[in-house]
Amino acid sequence: MNKEFLYTLLDSMSVSGHEIPLQKKVIAEMTPHCDKILTDYTGNVVCVLNPDAPFKVLLAAHIDEIGLIVTHIQPDGLLRVAKSGGIFPGTYPGHQVAVHGCAGTVYGAVVRSKDMDKADLKVDELYIDIGAKDAADARKYVQEGDPAHLNTYHQEMLNGFLSARGVDDRGCAFIILEALKRAKELGCKIGVYAATTVGEETTGRGSYWVGSNIRPDVAVITDVTYASDYPGMDPKASGEVKLGSGGAICNCSIANQKLNDLLKAVAKENGIPYQMESYTGRTYTDADNLHVTGTGVVTALLSLPLRYMHCPSEVCHMDDIENSIELLARFLCRIDENTDLDPFH
Ligand SMILES: [Zn+2]
C-alpha cells in the first residue's frame, strides 16, 4: 500500500471550503497515473482513465474534513469560531489546534475552564488562544474566515488499526484514487472518473457539480460508516459492521440492487471480504446529491467502517482500505455498457 500518499491525505488541512491545497497534492500524485485530470470552479478534482470510452463510471469520495472557521478576533486576541461541518465542540477544550492563516500555520490551544465541562458545549462558547498580545497582534497572522483543525495526525495502532483526523473522508479519497491506479494495472477499458469532491461536510455542492459535469452512467460513492463494534453502538441500527471485515455495501433506497449484486459477485469471485449495512432515506453522503444529478444516476455506496466518527481520532482498519481498493478495481474491470442494471429485467 502507498502509505506515504495515504498519510499525506490524512495529515493535510482540508477543512470544508478550504480544500484546494490538498487537491493540488492529489493532482501531483495522480498526474502520472491517469490520462487526464479535470478541475472545476468549485474545487473538485476528477482523475480520468480512458477518457474516450463511451461508458463512464464515476467513483467519488469527499476530500473535505470537518473543522473550524475563524469568525471573530476579540480585542484581547482570542479567536472565536464557527463549525465547518459536524464537529463535537465538547471534544475541543484543552486541545491544540492549527490555524491556517495568511502568514502560514499558527498553533493555538482551545481555552478550557470549569464551565466548559459539559456535554452540550456549543461552538460559540469556544475560544482559541494563539498567544497573541491583542487583536492587532493576532491580525498579523489570522483573519476572519481562516480554517482551523485539531492538531492531530495519523498514528498506526496495533493489528493494522489506524487512527487519524478526518479519515472521513480522506481515507476513502485514497481508496478511489488507488482503485483507479489498480484498475489501470489490471487493463480496465471503461472510462473511470475518480472524483475527490469538495464541501460534502457543509453544503454537498461538490458532488452536484461533478455529477452534472461528468454525467456518468454509474456512480459508486465511498464514504465512512458507523462501525458497530465499540461500546454504545447498536447493530440493530444499521447492521453489524466491524473493522477489519471489509468494506460495507449499503442497502438503501438510492442504491441500484443489481449494482449491489454485481459488487457482491465481484467480491466473492475474487475472495475479497465485504459486509452489508442498511439505511433508509438519506445516506448523508455525496450519494444523495449525485444520485439525482442529470436525469438520475445509477448509484451504489461502498462504506469504510469507522470508529469515533467526527472525533479528533477516528479509527479505521488498513485491511478494509486495501480490500475496498481491490473490490473497486475488479468491479471497474467487470462492468461495461453491456451490464444490465435495469431493475425491471
Ligand atoms: Zn464523510
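Residues are numbered from 1 along each chain as its sequence is written. Because the model is predicted, local features need pLDDT of at least 70 and side-chain atom pairs count only at pLDDT 80 or more, whereas totals for chains, interfaces and linings use all residues.

The chain is assigned two domains, with domain 1 covering 3-65 + 165-334 and domain 2 covering 68-150; such bounds come from an automatic or database domain assignment. The centres of the two domains, taken over C-alpha atoms, are separated by 31 Å. Twelve residues from domain 1 and eleven residues from domain 2 take part in the contact, where two residues are in contact if their C-beta atoms, placed from the backbone, lie within 7 Å. On the side of domain 1 that touches domain 2, four residues are nonpolar, five are polar and three are charged; in this classification Ala, Val, Leu, Ile, Met, Phe, Trp, Tyr, Cys and Pro are nonpolar, Asp, Glu, Lys and Arg are charged, and the others, Gly among them, are polar.

A barrel is closed by six strands in the order 4-5-8-7-6-9, with antiparallel pairing. Strands (E, at least two residues) and helices (H or I, at least four residues) are DSSP runs numbered from the N terminus, and two strands pair if DSSP finds at least two bridges between them. Neighbouring strands of this sheet are turned by 45° against each other on average, direction ignored. Strand 4 (residues 67-73) is paired with strand 5 (residues 79-84) through six bridges in the antiparallel sense, and Gly 67 is placed opposite Ser 84 of strand 5. The hairpin of these two strands has five residues between them, and there Gly 77 adopts a positive phi near 95°. Strand 5 is in turn joined to strand 8 by two bridges, again antiparallel, with Ile 128 in strand 8 as the bridge partner of Leu 79. Strand 8 (residues 127-129) is also joined antiparallel to strand 7 (residues 104-110) by two bridges, and here Asp 129 is the partner of Ala 109.

The axes of helix 1 (residues 3-11) and helix 4 come within 9 Å and cross at roughly 150°, which makes helix 1 roughly antiparallel to helix 4. Phe 5, Leu 6, Leu 9 and Leu 10 of helix 1 meet Val 167, Arg 170, Gly 171, Ala 173 and Phe 174 of helix 4, so that by class the contact has seven nonpolar, one polar and one charged residues. For helix 7 (residues 257-269) and helix 9 (residues 318-334), the axes come within 9 Å and cross at roughly 110°, and the two helices are therefore roughly perpendicular to each other. Angles under 35 degrees count as roughly parallel, over 145 as roughly antiparallel, 65 to 115 as roughly perpendicular and the rest as oblique. Leu 262, Leu 263, Val 266 and Ala 267 of helix 7 make this contact with Leu 327, Arg 330, Phe 331 and Arg 334 of helix 9, giving six nonpolar, no polar and two charged residues.

Asp 168 and Asp 169 are joined by a cis peptide bond with omega of about 10°, and Asp 169 lies in helix 4 (residues 167-185). Asn 50, although not a glycine, has a positive phi of about 55° and is located in the loop between strand 2 (45-49) and strand 3 (56-62).

Methods:
Axes are lines fitted to C-alpha atoms, for helices over the stretch in contact, and angles run from 0 to 180 degrees between N-to-C directions.
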